[in-house]
Amino acid sequence: MRLVQRPNPSPLSYLYAAAGSLATSIAVVLAFTGNPEKALQALTTVDPWLVSRIFVVVGIIAAASLLSYRSGLWNIGQEGQAVLGALAAVASQNPAEALAAATAAAAAWALAPALLRALAEVNEAVTTFLLSLAAVYVARYFIEGPLRDPGMRGFIATYEAPALSIAAAAAIFAAVMAGVAALYRTRLGLTLRLLASGEEVVKYAGRSPRFYVLLALLLSGAASGIGGAVEIMTREAGRYMTLQQVSTGFGLYGISAAWLGALHPIGSAAASLYIAWLYQVAINLKILGLPAQVANALVGTAMAWGLAGYVLHRYRLVWR
């Protein structure tokens, strides 16, 4: 068995991947519950407010993924950039200040990998991943130190982030997604996409690949930070960070939605809604007494199917 590049990429591959992910999720739920009635309950019970909130947060981080992956750059540190965004939101007094601070903090966090990639060709997948791990420790320092709320006696937690309504969060999501879609219709955006074909191609077009590498990774980091800020500000309660709840996993969810959505703005928005539903299913399973790790398992299978869709989009399987 081997992979052979398709002369014309197959647009149906992502549809097959989505169907495969849905079938896998249903099979996992059936396997964990061992009871069709409980499985149906887990799959169909929906809290519209929760699903809307998760959809918006995942959608913003998926848009951040589009900015890097469609430029041929592997920013897999979006979890850490979202953590920095949430931390910046906690340190702010109002939503506008929080969004501005989150954008700046997450972009600054992505600056080192961007410079290393642009100037020294250091693999950005490695550096963004390592910085994602480091972000957790940075957040813990601030939780125990400068941002610790002394009013929470006996409980180590930060001050609360300012509140943001779901309607405002949805407007931010729409603005981010519209910005990404509009960007790719400009000469700047076209050059970013050209970067995915190789830096030599950008050079041949008379542009500086270094500038576009920096731009793509900084924009991706900034958008991830906005996602992290929106996540913590839209919580119904507990808009603070604790030592046990630093990394929320939304970076992984956003990456999964981007790949499952064929790295397309509309596709990633649809996939974000699907991921939000999976999140709800995982909560339903937890209520039924099943492990909380099922959430990551369900989203992990979605990401695997998304990558499979990408591979089958460009290649076909040959059995001999």
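How many salt bridges does a search of the whole structure find? I got six. Side chains of opposite charge can pair when their charged atoms come close.

Notes on the source: this is a predicted model, where local features need pLDDT of at least 70, side-chain atom pairs count only at pLDDT 80 or more, and totals for chains, interfaces and linings use all residues. Residues are numbered from 1 along each chain as its sequence is written, and side-chain values use heavy atoms, with hydrogens and water left out.

**Entry 1: Arg117 and Glu199**

I looked up Arg117 and found its side chain in a salt bridge with Glu199, at 2.8 Å from N to O. Arg117 sits in helix 5 (residues 95-120) and Glu199 in helix 9 (residues 199-204), so this pair ties together parts 82 residues apart in sequence. Helices here are DSSP runs (H or I, at least four residues), numbered from the N terminus. Arg117 is buried at 17% relative accessible area, while Glu199 is partly exposed at 25%. My cut-offs: buried is under 20%, exposed is over 50%, and partly exposed is in between, with a 1.4 Å probe and protein chains only.

**Entry 2: Lys203 and Glu200**

Next I checked helix 9 itself. The side chains of Lys203 and Glu200 form a salt bridge at 3.7 Å, N to O. They are three residues apart in helix 9, so about one helical turn separates them. Lys203 is partly exposed at 48%, and Glu200 is exposed at 56%.

**Entry 3: Glu231 and Arg235**

Is this pair buried or exposed: Glu231 and Arg235? Glu231 is buried, at 5% relative accessibility, and Arg235 is buried too, at 11%. Their salt bridge spans 3.0 Å, N to O. I also found Arg53 linked with both of them in a network of salt bridges.

**Entry 4: helix 8 against helix 10**

Last, I looked at how helix 8 (residues 187-195) packs with helix 10 (residues 209-233): the angle is about 100° and the axes are 10 Å apart. Axes are lines fitted to C-alpha atoms over the stretch in contact, and angles run from 0 to 180 degrees between N-to-C directions. The two helices are therefore roughly perpendicular, a label covering 65 to 115 degrees. Contact (heavy atoms within 4.5 Å) involves residues including Leu188 and Leu192 of helix 8 and Phe211 and Tyr212 of helix 10.

Technical notes:
Angles under 35 degrees count as roughly parallel, over 145 as roughly antiparallel, 65 to 115 as roughly perpendicular and the rest as oblique. A salt bridge is a side-chain nitrogen of Lys or Arg within 4 Å of a carboxyl oxygen of Asp or Glu.
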